[in-house]
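Open the model in your viewer and keep the selection tool at hand. This tour goes stop by stop.

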Amino acid sequence: MTKLQAAPHLSIAGRDLVAGRLARVVALAVMIGVGVVAVILQYKWNANGYMTDDAFISFRYSVNLADRHGIVWNPGERVEGYTNFGWVLLIALAQKFGTSPVDSSRVFGLASSAGVLAAIPFLAAQLRDAWTPRWWILTAGAMSAVALNTGFSLWTFAGLETPGFTLLLTLAI
């Protein structure tokens, strides 16, 4: 028995409304999933393994923080050489759970880029009425343009805070 059948208090029109909303949400989730796969494939084809060298500066600070030496380049020296305090804290926190800085930065980058893709339908709704055919076309086109952008996929996995910043900027719009 499905949840729709288990709700006898809903009229047939109410059940159709719930089913329609569910179908739209599933369609958006599939679009976001396809976009994430496109970002990953784009990275694998064009920049497999690329990580910017500046990321390793943040990683060194996060390693020392996770090892209880503080946010320092070398234990005992108090020099600030990073530009992304929040990113260093996030990577250090992930290290406390046993994740390497490289892997955690890539996971956080992919999660942030997925968030950017998930925000696109809301941005499209500012230009077109949501759920209309024009809105679907705009949403699909914008998601495709972003997900297939080589720069977007490259910086998703480059190790810096760029995807997180992009997500926050997108959400602010």
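## First stop: T52

Select T52 and show what surrounds it. Leaving out neighbours within four places in sequence, T52 is in contact with W155, A158 and L160. Remember that this is a predicted model. T52 lies in the loop between α1 (12–47) and α2 (55–66). Is T52 buried or exposed? T52 has a relative accessible area of 8%, so it counts as buried, the cut-off being under 20%.

## Second stop: the rings around Y61

Now turn to the aromatic side chains. The model has 9 aromatic pairs. Select Y61 and W73 for one of them: this pair is tilted, with 5.8 Å from centre to centre and 55 degrees between the planes. The pair links distant parts of the chain, 12 residues apart. Y61 is in helix α2, while W73 is in the loop between α2 and α3 (85–96). Colour by accessibility here. Y61 is buried, at 2% relative accessible area. W73 is partly exposed, at 31%.

Y82 sits in the loop between α2 and α3, 21 residues from Y61. Y82 is buried, with a relative accessible area of 13%.

Ring pairs join Y61, W73, Y82 and F85 into a cluster.

## Last stop: charges over rings

Stay with W73 and select R60. The charged end of R60 sits over the W73 ring, 4.4 Å from its centre. Then move to R24 and W131. Here the charged end of R24 sits over the ring of W131, 4.8 Å from the ring centre.

Terms used
Residues numbered from 1 in each chain as written. Predicted model: local features only at pLDDT ≥ 70, side-chain atom pairs only at ≥ 80, totals over all residues. Heavy atoms only, no water. Helix = DSSP H or I, 4+ residues; strand = E, 2+ residues; numbered from the N terminus. Buried < 20%, exposed > 50% of the residue type's maximum accessible area, 1.4 Å probe, protein only. Contact = heavy atoms within 4.5 Å. Phe/Tyr/Trp six-rings, centres within 6.5 Å; stacked < 30°, edge-to-face > 60°. Lys NZ or Arg CZ within 6 Å of the ring centre and 35° of its normal.
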